[in-house]
There are 2 protein chains.
Amino acid sequence: MIKDVVFLPMGMRAPADPERTLLELAQAAGVPMVGTCGGKGQCGKCRVLPMGDTNPATGLEVGLLGQAAGQGLRLACHLRMANGGRVWLPVESRLEGQKILTAGQGGVLDLDPVVRLHRLMVAPAALDDPVAAGPRLLRALNKRAPAVDRLGLGVLRDLPKSLAQSHGNVTVIVRKGRKVTGVVPGHQGRCLGLAVDLGTTTVVVYLLDLHTGQSLAVRAAMNPQVTIGDDVVTRLTYCNQSHKQASTLSSLATECVNHLAREACAEAGVLPSEIYECVMVGNTAMHHLFLGLDPQGLAVAPYSPVESSGLKVRARDVGLALAPEARLYWLPVKAGFVGADTVALTLALDAAALEQPTLILDLGTNGEMVLASGGRLMCCSAAAGPAFEGGHIGQGMRGAPGAVERVAINGRGLKTVLKVIGGIPPLGMCGSGLVSAVAALLSAGVLTSAGAFKENLPGVRPGSKGLEFVLAEAESTGKGQDLVLTSADVAELQLAKAAIRAGAELLMATMGVPRLERVLLAGAFGNYMEPAEALAIGLFPTIALSNIVGVGNAAGTGALMALASEKARCRAESLASSMEYLELSGHPLFRDYFLDHLPFPLPIAEGSSKDAVCA
Amino acid sequence: MIKDVVFLPMGMRAPADPERTLLELAQAAGVPMVGTCGGKGQCGKCRVLPMGDTNPATGLEVGLLGQAAGQGLRLACHLRMANGGRVWLPVESRLEGQKILTAGQGGVLDLDPVVRLHRLMVAPAALDDPVAAGPRLLRALNKRAPAVDRLGLGVLRDLPKSLAQSHGNVTVIVRKGRKVTGVVPGHQGRCLGLAVDLGTTTVVVYLLDLHTGQSLAVRAAMNPQVTIGDDVVTRLTYCNQSHKQASTLSSLATECVNHLAREACAEAGVLPSEIYECVMVGNTAMHHLFLGLDPQGLAVAPYSPVESSGLKVRARDVGLALAPEARLYWLPVKAGFVGADTVALTLALDAAALEQPTLILDLGTNGEMVLASGGRLMCCSAAAGPAFEGGHIGQGMRGAPGAVERVAINGRGLKTVLKVIGGIPPLGMCGSGLVSAVAALLSAGVLTSAGAFKENLPGVRPGSKGLEFVLAEAESTGKGQDLVLTSADVAELQLAKAAIRAGAELLMATMGVPRLERVLLAGAFGNYMEPAEALAIGLFPTIALSNIVGVGNAAGTGALMALASEKARCRAESLASSMEYLELSGHPLFRDYFLDHLPFPLPIAEGSSKDAVCA
């Protein structure tokens, strides 16, 4: 009898294998489980509770687990269960339930798609009119679309059947007014499009009827590559180890898009084979991994991509299961760390038309930003690290149920009030919770602007790595241990915000912009973070609070615009080529700016601070 | 132990199977064996000599075998060998050794290919010049080819490796001056092209260096679809039985072209992956079967093809194993029975420039012809049947060793002299031998113009189906039986030549051409047939012997021209669309013309006839 490992509460199974860790089994079986460091035994996040015989825990494992080791928890990356058994995934180890941002800000879609639909009647051939099926279709079609002059091979292969089935009544899909790319029997055929925002963490698909302009469905999921590693660098390292691992990463993303496309189609009562055009955006690493381009160059200076121009390929050449002749357009990328998502942002926000100095900031896994001023655009990417996503934080976690997302510290007793996603006892802290906690501690005078805890205050105590602040006592958390913010956590956030701030300041200096008029916050983190708290930790150059505006998933909106309109696509290409790129790596001034902005700003007068930090 | 059937003399093996006939086993194992009627038990050609236990011969089989049944011969389509054993294929049952025409007539190739080669040095990326690999390549390339603006996905996938391997020195292949379609490390890369003439019976490939214009190799083989059935109609019937059978036919042809391409490359010391462009010609049935287009429409009136325009597809989409981004161009077809080979003929012969009335005749498996006059072209296809290829003739065979190809009948004793392919004792008669025999018998007065043998002449004797003429006695043949020409054989040739002649006369009448200036004979049969003998049987409208010219495999030449030059390709498209098509099926005058030309012409005065018929 083959023994299985059963992952609970999902009930997913994998055959037991003494040679493979539980993390490897989970990855192979597609169990949605965190694997932040890619199984290297560094992050201590892949905690599970095994029920069955296991190998003994290692010293490293016990060290990473801390108190949790006593609760029977193990790290999946060290755990083996040769004889199978059940294993429980605590909620903080699961990928499900994560908040995903799908909605973007954008105007009404301009409809001018590259594929269009025509409904025709094609007369049958006769001895006195034996014209071939292809030219006969074109003859009928040319009355409405005179420039169409060719048919795809896939269309030709099905053409006799399609014509016969409906007595010559067909729906014809034409690409760019030139080529027949689909023929469907009857007059009920549809012409659909799919826009995809392939993020490092999340994937969102938008299903659009390209004939009516109607939005049919939106679906989102975690990027399953997360099971290989949270951040881009971990994935690139994994990918560079072998060709097989590279194609594993690639097919994880492809399968996710196919799956979401099927779900969106099911919701709308249509079929993926009715999707004739797909537009994708994402950062340059996602772009390369998805398209099967060698990502090695992205990992080392000069961080040069294989291709930066907008790419048009056949959808099935990259594994997308849409209409046989469907095509995929990837928006251009700008640089190794400024991707098509950033280009899509500038399209959605019409950045070239922004006259007053505006900083567009996408704080996803990477910190990409664009400074727009008087029609000129300049972008850069700051290596903020994963702190804004809860990474490298002692009790950090993703923005999933149980994550602290807002912290208020009230009165002289420093009473702490936590807002937790899902309204359950806290399990850890996500990025916005971290920013919120630090802002509150700065405002309450618990943290100095250098990032040091003041001694002898309520909640401050010595920890294993210097002073720490207790946000919640063990009995009120969901983990049975104190929820604390350590000095190391604060330092991690300092490094992250200094990198972002230095990038923004360097952009302003290079463009000769003395003052920002507006900050537009894009992406998931930008949406969930409280602008006042971001200001309080010094994330942005000086700006009035009311001029910080969240714009939601504007990259997704940009992808939708490029799907709906060929003109929008041309604008995106022109934005990508006219936008200037500022390389921070090795920039002579970057280090100075970075060091200048390591300290937190001095808090505003105590009386007014409470308003800024209360949720 | 698994038992095998061993096919001798090749030594090829197939596992024994009581459920399958030897013909099916031979087809599955790729044994080059005739299967003229497609295994229906009608033609009696698939004769083999079994050595081992067999099922008993059926009555039908014995009837078809005649004398040969007594020699132990069986029909492979009726034979089963449940326990395996050896089976000998007599030479007339094999497909090997057939004469194949590869050489065409044509001028020097005009070199203006759609793919061109450039040798470049691409500078590496640097922090102050982090341009992506694709645009960097284009930047270097644009100094010589300014319009190139994109790269294929396959090229991008290998680009970093190709650039790294040779320190930026690469050979770049550019398609149509716009798209990079290949990048090879170093400066030794080649840009090759392949022209393919896919005939019903034979396949010829020509390998060309598109950079130098040099012809590198020519290879030819039997079309392996012959194992399914000799003629187009048998194959279409087979194909229409199931989707699987259709794809079997398709992949037989694809594999044959791939095999010939590999052989040609091996001969030239190059690789198939260096072939970036392929051009194909062939009749409309071959076109449809190769491209996977539904051929059902070709089998019934109005014989309308699925597509007639020139088709550009990716070579790998149709299974060709060339360079990853190689493309295939099929020349346009004109009608269900006037294919791309006929269009290629008109290109090779510059038919639109022929001022004087010229009949171009391709007597392959089908009888396609084009009448050119004063810049006007009109074509038709006459259903000649397989007589000209030795089919439906009692002792007919292909133009392989042992086939009688020329017959002379000398003096009053009617002494018969045979010219046999390979110089061995005769086994049967091929098409040119049949024409030669009938011409000689007409001239010698043994046959009447109505096609009847005169009684009481030497060599004429009663046979099972009326009178027959003994061409060779059993002891001088290789089969141990008399080689005879029957009245039925003569009638078969009469039907065939009357169809061709009626088509030609109808073309002339329709175009108002009273007299031909020239006849150009293309294709294998046209090449091996003696023009004087063709005239003697009345195959052509009245014309002087010196004005009948063989032009070899001009269709292959046309394919080569379209491979070497984009302008030639445009000329072919324009020839195909300006050429008029005359449908003979159901034409009110066709029957009259056909009946008018059933009789053979009266022989010329006896004294001069010998010169015309002696080989």
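## About the model

The model is predicted, so local features need pLDDT of at least 70 and side-chain atom pairs count only at pLDDT 80 or more, while totals for chains, interfaces and linings use all residues. Residues are numbered from 1 along each chain as its sequence is written, chains are lettered from A and ligands numbered from 1 in the order in which they are written, and side-chain values use heavy atoms, with hydrogens and water left out.

## Where the chains meet

Chain A and chain B touch. The contact involves 35 residues of chain A and 35 residues of chain B. Contact here means heavy atoms within 4.5 Å. The size of an interface is often given as the accessible area lost when the parts come together. Between chain B and chain A, about 2,800 Å² is buried, and carbon and sulfur atoms give 63% of that area. Buried area is the accessible area (1.4 Å probe) that two parts lose on being put together, summed over both.

A salt bridge is a side-chain nitrogen of Lys or Arg within 4 Å of a carboxyl oxygen of Asp or Glu. The rule finds two salt bridges across this interface. It also finds 14 residue pairs in polar contact, both at pLDDT 80 or more. A polar contact is a pair of N or O atoms within 3.5 Å; within protein, one must be able to donate a hydrogen and the other to accept it, and residues adjacent in sequence count only if both atoms are side-chain atoms.

On chain B, helix 3 (133-141), helix 4 (153-165) and strand 14 (311-314) each supply at least two residues of the side that touches chain A. Helices (H or I, at least four residues) and strands (E, at least two) are DSSP runs, numbered from the N terminus. The residues on this side of chain B divide into 21 nonpolar, six polar and eight charged. Ala, Val, Leu, Ile, Met, Phe, Trp, Tyr, Cys and Pro count as nonpolar, Asp, Glu, Lys and Arg as charged, and the others, Gly among them, as polar.

## A sheet in chain A

Five strands of chain A form an open sheet with mixed pairing, in the order 2-1-5-3-4. Strand 2 (12-15) and strand 4 (74-75) are the edge strands, each pairing on one side only. Two strands pair if DSSP finds at least two bridges between them.

Strand 1 (residues 4-8) runs parallel to strand 5, with four bridges. Strand 3 (residues 47-51) runs antiparallel to strand 5 (residues 85-88), with three bridges.
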